[in-house]
Structures are given as C-alpha cells and as structure tokens.
Amino acid sequence: LLSSLVLQVAESPLASLTLAVQRSKSEASVRASLDVVLPGDVASLPAWLNSFAARKVETCVAAASSDVAFWWPGTAPGLPEARQTYNVHGGQVVLVPTASLLQQSSIAQFFSGPWTSQGSDNRPRVMRDMLSQEGRSERTHGRYLLRLSNPGRSRYIRFLDQLPFFIRPLWHSIRAVWVDATGASVELAGAEAIKRLQLQFTASDGLRSPTDFSLSLALKSGGSVSIFLDVLKNFINFREFSYACEKGFDVGGAVWLDDEAGDGTIGTVGFAASLGPMSSSEPRPSYRLHFTEGMIVMVPMPDFSMPFNVVALSSTAATFFFGSIFRMTAASHSPHWCTMRGTKQKTLHPLQVMALILLAGCAGLNALSPENMAQLSTFLSQAGDQGKELYDHIAFAKDKVDSILAKR
C-alpha cells in the first residue's frame, strides 16, 4: 500500500515502526504502526486522494482485511467508511478499512479538517551512538553511548542490541548514570552497573559472530539513564571494505520494548487509543516493539595500495637478482659496445681475406715434395675416378705455381 501511494516513511527507514503482539489460546494477532509523510499541503490532499481510483491498485489479502487508524482532535466527522470510533483523551480515533482508502473520495474531507500536531513528548526516547575517546584515534577506539529518557509516565524498558564482530566491548569499563525528575543523579560502574541494568550478553567468538547483549530497567517519570561503554575496533580484511569506506561502516538499528501497562493494551481498542496524545488505561501490561536508527562506525583501514607495492617491490628484486646471475654466467666477456666508442676497430676487406687464402694455398702447393705428391696420389686413387681427377687438378696447379716461382 505504501509503495502504491508513493508515501515516504517518516524519519529514517523503520525508525517509527512499532509492533504489538497479542496471543490467546486460539489465535495470535500482530498490530503495527508506521509514521508516513503525506505529499503536498492540506489543500492538495483531496485531489491527491481522488487519484487513487485511477491508479487501479489491487490490495493484497492482508491489506484487504486490515484497518487504518486516524486520530482526530476533538469530535471526528462522520464517515460512512468508518468501521469503529473510539474516544480517547483529546479527540477520537476512527478505524477505516484499508481498501476504502483506494476507492472512496470522502476520506479527503477527513484530511482537510483542523489539523493539530500529535504530541509525542510523553513517549520514551532512545539515543544510540558511537563516540570517540579523547586522545585516541576514532578508528581504533570508541565509546558506545546509550541514553534512555522517559518524559511520560513510569514504564519498564527492555533494550536489545547487537555489535558487529569488529567491535569488541570492554565490559569492565561500563558506566551508567541515572537522573531522576528532580535532577539528582546516581552513577554506577563495573559490576554494580551491570547488576542494576540486568545486563546479559553473549560474547563474540573472535571470528565472525557478533556480540549480543540486552538490558532491562524501570524508568520513572521524568527520569533518564545514560550508559557508556568503551570499545575496541579490530582490523578486518581489506576485501570486506566497500567503496567509500573512509566514511565508516553502517551498523543496523537496535530493538527496544516498552511496557505499556497503563498505556493501553495491544488489542484493537488499546492500539487505536495509543495513537492519541494520551492513551487509555488497562490493568494488564503489554509490550510494544520499537527500532532505533542505525549508526556509522569508523574502523581502522589498511593501505589499499599495499598489494601493488609488494608486487612491484618483489618484481624489482627478482629482476636485479636474475640480471646479476645472467651477467655472471651467460653474458659474453667481450667489451661492451658502449666502452668502444673512442677506439677504431681494424677489420679486413673480403677481397683481402680471399687474397690471403690464395697466397696460403700457393705456398702450400710449392712446399709439396715429390714424395708428398706420390703419397697424395696413392691416397686419392683409392677414391676412384673422382680421386684421380682431383689429383690431376692439384698436380696441374702445383706445376703452374712452381713455374711462376721458378721464373722469379
């Protein structure tokens, strides 16, 4: 229904949500209330409500069988859609079927009446936050603050919270301060504060499980209690950080229940009456469930560039080591080209090389004696015709060389 009407939830999400449960031998009922923000001003509400029929929104089974409670200061106008009307202090509460909110247009007259703010000064208030410690980093140390105040009548409150695994409470540092309506204060610390608060907790296993704790206390009219608890913030794996993690981690809201004895039961009459500025009284007690807002916790952050730095440093060290070993084992020991810029290398022309080979061959042929030629002939004759042909060429070349050298 809320999404179809494009209604915005008041305050932070679900901060104004309250749940009330009633159980009997044959059935159990759950009743909830949620503050919403109506769009526009009061004058524009009739036209806004008349547009519901054009949207053709179908209600679910739960919405078709539920009612919407409207509190009206003074005497509420007569509505044909109203199922029941209850008198409360300062006005009336009218129960209207949820389905009629999408079909009828006369409800617009109900919204256009004389509006007055519904005071909530008599309701209990809960403030929950994570503070920093003086002289210490807010990313490694913190102080859990819980403040419960009751400007209305006396009631009994039960508070339940869950701290993430990276927040480690130091229970020996707990401190509680009670202040009554006259301004007198009582401060307790350590085991005495835990005993008076009826505090119970389940410690974390040090890995992934959170720390659960609950406390119960009676708040007198006009009184308040402030609880302080030092905590340590553990380092977590850098892969568990999301983007923009420098702004902190989101921690979900806590749950608290207040005893509504003398503040209306959780039946239809008491639930509707509790919407008024002052509620009716019933002898039997009941509890109503509330949610607190979340909070942002600053945690220690690692150096997210460290993996790159380690890889770069390791690669550089491995490169230097491999280069040194390669130079000592596989590299040539000849002078490097950069050290030979000032020297002129002496090289032979290919023709000079060929001339030297020719001179060496001629000198070798001239040095052969007749005995050497006979031995060469015997050796090459074993190779057949090709050996004899090769010997004829060598003998011819020797004769030419000998004749040229003999003329000189």
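Which residues do ring pairs link into a cluster? In this predicted model, the cluster consists of Tyr144, Trp171, Phe201 and Phe213, joined through ring pairs. The structure as a whole holds six aromatic pairs. A pair of aromatic rings is described by the distance of the centres and the angle of the planes.

Tyr144 and Phe213 form an edge-to-face pair, with a centre-to-centre distance of 5.9 Å and an angle of 85 degrees between the planes. This pair links distant parts of the chain, since Tyr144 belongs to strand β9 (residues 141-150) and Phe213 to strand β15 (residues 211-219), 69 residues apart. Tyr144 and Phe213 are both buried.

The pair formed by Trp171 and Phe201 is stacked, because the ring centres are 4.4 Å apart and the planes stand at 20 degrees, where stacking requires planes under 30 degrees apart. Trp171 is located in the loop between β11 (167-169) and β12 (175-179), whereas Phe201 is part of strand β14 (residues 200-202); the pair therefore ties together parts that are 30 residues apart in sequence. The accessibility of the two residues was also computed. Trp171 has a relative accessibility of 14% and so counts as buried, the cut-off being under 20%. Phe201, with a relative accessible area of 39%, is partly exposed.

A contact between a charge and a ring is found at Trp178. The charged end of Arg196 sits over the ring of Trp178, at 4.1 Å from the ring centre.

Technical notes. Residues numbered from 1 in each chain as written. Predicted model: local features only at pLDDT ≥ 70, side-chain atom pairs only at ≥ 80, totals over all residues. Heavy atoms only, no water. Phe/Tyr/Trp six-rings, centres within 6.5 Å; stacked < 30°, edge-to-face > 60°. Helix = DSSP H or I, 4+ residues; strand = E, 2+ residues; numbered from the N terminus. Buried < 20%, exposed > 50% of the residue type's maximum accessible area, 1.4 Å probe, protein only. Lys NZ or Arg CZ within 6 Å of the ring centre and 35° of its normal.
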